[in-house]
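Dear colleague,

I am passing on a structure that will be new to you, and below it you will find some notes on what turned up when I went through it. Please read them with the model open beside you.

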Amino acid sequence: MGNRVRVLIADDHALVREAIRSAAELDGGFEVVAEAESASEALEMVRAFRPDLLLADLRLADGNAFTLIRRVRDESPGTQVLVLTVYDEETFVAEAVRSGALGYMLKTASLKEVLEAMRATAEGKAYLHPVAAEKLLREFSAMRGWAERSRWLTEREREVLRLLGEGKANKEIAASLGVTEQTVKTHLSKIFRKLGAGGRAAAVAEGLRRGLIS
């Protein structure tokens, strides 16, 4: 990733796209490479531009964005996904992170908060609006007491998952554990596979649901 975060905005409201583009360009740390109002158009733009960040509403012109998020994470792993939506229901938050979104913001947030979330997500850090985080915890906390939790991850993998839940990037996790970033990536790959998670935020959500982290 270069000096500026390359962003694709997917929202079916032109005014929302214009507001975010203007704020991003004024900030100077972002380059909006494309805009889309539908999931199909957004996927085409991701394939064409390979942006660092996809900022997407959950409701687009041709349906919900869950399938889009999964396709983007599969086809363009270097593109992080941040959801920006009006929907704060627990099921929407949970499904978004299961699909591979790394961040979840509500449109009630200020533009400054949205830019902060965009920057953090592009850096590979999980970023949840406080309301979304509360809903996600509520969704999964009731299922923490799984008797089989100990067999899912090794102690080191749990340490990595715990640090992931604290919002730490790979470099920070490596420094905390005294290992290389490549080792952290290997652990993350195993964690994602074992938990059936599509990305970092989804792994944290599954870790909470299974009681592997608190």
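A salt bridge is counted where a side-chain nitrogen of Lys or Arg lies within 4 Å of a carboxyl oxygen of Asp or Glu. Please keep in mind that this is a predicted model; by this rule the count in it comes to 15 salt bridges.

One of them joins Arg156 to Glu159, whose closest N and O atoms are 2.7 Å apart. Both residues lie in helix 7, three residues apart, or about one turn of the helix. Arg156 is partly exposed at 32% relative accessibility, and Glu159 is partly exposed at 29%.

Helix 7 (residues 155–165) also meets helix 8 (residues 170–177), their axes coming within 10 Å and crossing at roughly 130°, and the two helices are therefore oblique to each other. The crossing of helix 7 and helix 8 is right-handed. Arg156 and Glu159 are among the residues that helix 7 brings to this contact, while helix 8 contributes Ile173, Ser176 and Leu177. By type, the residues of the contact divide into five nonpolar, one polar and two charged.

A second salt bridge pairs Arg21 with Glu35, with 2.5 Å between the closest N and O atoms. Arg21 lies in helix 1 (residues 14–27) and Glu35 in strand 2 (residues 30–36), so this pair ties together parts that are 14 residues apart in sequence. Arg21 and Glu35 also belong to a network of salt bridges that links them with Arg17 and Glu25.

Technical notes
Residues are numbered from 1 along each chain as its sequence is written. This is a predicted model: local features need pLDDT of at least 70, side-chain atom pairs count only at pLDDT 80 or more; totals for chains, interfaces and linings use all residues. Side-chain values use heavy atoms; hydrogens and water are left out. Axes are lines fitted to C-alpha atoms, for helices over the stretch in contact, and angles run from 0 to 180 degrees between N-to-C directions. Helices (H or I, at least four residues) and strands (E, at least two) are DSSP runs, numbered from the N terminus. Angles under 35 degrees count as roughly parallel, over 145 as roughly antiparallel, 65 to 115 as roughly perpendicular and the rest as oblique. A crossing is left-handed if the near helix is turned anticlockwise from the far one by less than a right angle, and right-handed if clockwise. Contact means heavy atoms within 4.5 Å. Ala, Val, Leu, Ile, Met, Phe, Trp, Tyr, Cys and Pro count as nonpolar, Asp, Glu, Lys and Arg as charged, and the others, Gly among them, as polar. Buried means under 20% relative accessible area, exposed over 50%, partly exposed in between (1.4 Å probe, protein chains only).
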